[in-house]
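Please read this note with the model open beside you.

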Amino acid sequence: MRPMKLTVSVLCAVLIVCAAALVLAQDAPYSYMAGFDAARSGVSPDTMKLPLVLSWINAPEIDTDVKTVGAATISPDKVFFPAHRTMFAVDRNTGELAWKLSVGGPIYSTALLLDGVLYFGSDDKMLWAVDASNGNRLWQFPTGGPVRSTPLHVSGVLYFGSDDGRLYALDINSRSLVTPPFQTQGPVRTAPCYYRDTVFAASGDGHLYAISSRGGHQTWRSHLPSENIFASPIIERGKVILASGNQLIAFDTSRGARRWTFTAGDVISGTAATEGRRVYVGSHDGVAYCLDSNNGQVIWRFPENGVRRPVSASVGIAEGKVFVLFGKTNLVALSMDRGKLEWEYKFPEPEAKVAAPQPGMGPMDGFPGDPMHPDMGPGGLGDPMMDIPMDIPGDPGMPPGRPDVTRVRSYSFEDMVKPGFSLSEDSGYMVVSGGVLYGFSATAADNVKPEISDALLDVRGQGGMQARFPLMVDDGDTFAGRYADLVQVPGAPPIAISVSVLDTGSGINPASLTMEMDGQLLESTYDVQQGLLWYTYDPRGAAVSLPNGVRNLVISATDWLGNKVTAQISLTVDNSLEPPGPPQRQQQPGMEFGPGMGPDPWAEPPPGPMF
């Protein structure tokens, strides 16, 4: 009987331990912190299925121009996000407003949620503590400057910086300082991180500081190559990693010695993420990088060739996927191991910006890839995010002759930093331009097919001019060429056709896009940044005109959940026609005309669209 007694005793002990663990788990306070942990690893502990589907949009009515910096903070039933001087709380399932609280200055800090209390900084020089359930102010802690730093919580203490150059350590319960504020000689705007009784913080004085959490004194400091510091430091196996200018630098946590340096093609303003001995970071050079955390060497990059729009937001990781925002509108999910595209979503362009060229916009400006119009396409002069040099001395991929961007000039914090994608339990939330919040869920329904619209035709005109025609977009199941007689043009190359292809549900799967002409598959290119599918007819060698007759094009698109749509556009080619003339002559309805650059902007065959 003794073995039976022993078994029962052991079983009872196990049950008691499990019950105690369950009680502790139920009593444990819910928290959500930028970077997810004290090391700011950027790795979400939750599951994340793809594709994500847009569930709702919350667009607050704000009278002024909103510069978005702070990301969304997530609770089990609400999502919190800052827009200008107001902190908003919305229902997590519906996006409906729960409450809002206005403070005395713009909010550029990402809120920390801990045990039902929301902590965030503001340009009114305060750290705010707010009841997350109703938005009631609990208390404020004053500093000597704007508080743009995102708070860090470790063992009941909040660590945060201020533009007064100080790092504060504030006891949550007593609301008193644990140690005297640590003084630097520049603003402390980025979030600190923590490792083994040491808090690491970067200052605008061009130094990274290691500060004892026990006594508040400096353990070491290391000089940084630039005072342009927008990203927060992160911890990776005894290394603290921080971006300064266009460099990502790894320091030893114990003494501050440099371990390695990675140089990107432009400024790094988003915080890196790390998992599995790899570091993931984006740059304003339009590339997302995966680096070996041991030596800083590149393992992969996305895109594999070329560039996209600048990455100014922090990188996030969830269930083996890396989330990166390119520019202001293109969110991608990449596989951690190889950087393979697994999902992509395009947000609408800001209202002040037109996504696709439209008739009536004035002089024709070419199309992406036109060598006579280098401002078209990503990275061109027309991209407002690409106004800083991208040439780095010693970089084999960049032409020499310009100074290192780390020492060119200073940049505005609120202009250089964008919110990252907030992740939690098969859902994600993004604050975009204008303070608009998008809510995504892997379980949301998506019964809406992609939209194909705004087709345009560009042909060679008279006297070095470029003529543009709108094309009617018809359903794919109607008879071919129904509107072909509306547009009649000669078939001399080059001829460019573009069409907008967008999806507001789960997003367009670029691999699904096809364009056919008269049953023949064309080599089209999808500009993911503008949501435009392009085809350029420009045969090499002898100029071969398109044959006379009706030319019918069929476009097919599928979203990430498999919803498919087919549309068609048509035109009539008549090679007996003269090239289109200027506006004062008789012209076809809807045609636009504009001057080219130089005597003949079409003299050199343009390459395919940039993306």
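The numbered points below start with the basis of the values and then move to the details.

1. The model is predicted: local features need pLDDT of at least 70 and side-chain atom pairs count only at pLDDT 80 or more, while totals for chains, interfaces and linings use all residues. Residues are numbered from 1 along each chain as its sequence is written, and side-chain values use heavy atoms, with hydrogens and water left out.

2. There are 22 aromatic pairs in the structure. Rings of Phe, Tyr and Trp (its six-membered ring) pair if their centres lie within 6.5 Å; planes under 30 degrees apart are stacked, over 60 edge-to-face, and the rest tilted. The pair of Phe-80 and Trp-99 is tilted, because the planes stand at 45°, with the centres 5.9 Å apart. Phe-80 lies in strand β5 and Trp-99 in strand β7, 19 residues apart. Strands (E, at least two residues) are DSSP runs, numbered from the N terminus.

3. The charged end of Arg-308 sits over the ring of Phe-326, 5.5 Å from its centre (the criterion is NZ of Lys or CZ of Arg within 6 Å of the ring centre and within 35 degrees of the ring normal).

4. A nonpolar core is a set of buried Ala, Val, Leu, Ile, Met, Phe, Trp, Tyr and Cys residues joined through side-chain atoms within 4.5 Å. The largest one has 32 residues, and Leu-457 and Val-501 have the most contacts inside it. Strand β45 contributes the most to this core, five residues. A second, separate core has 28 residues, including Leu-114 and Leu-170.

5. Which residues does Val-501 touch, not counting residues up to four places away in sequence? Among them are Ile-452, Leu-513, Tyr-526 and Ala-557, where contact means heavy atoms within 4.5 Å.

6. Strands β35 and β36 run antiparallel and are joined by six bridges; two strands pair if DSSP finds at least two bridges between them. Four residues separate the strands in this hairpin, where Gly-463 takes a positive phi near 60°. Six of the seven residues of β36 are buried.

Technical notes:
Buried means under 20% relative accessible area, exposed over 50%, partly exposed in between (1.4 Å probe, protein chains only).
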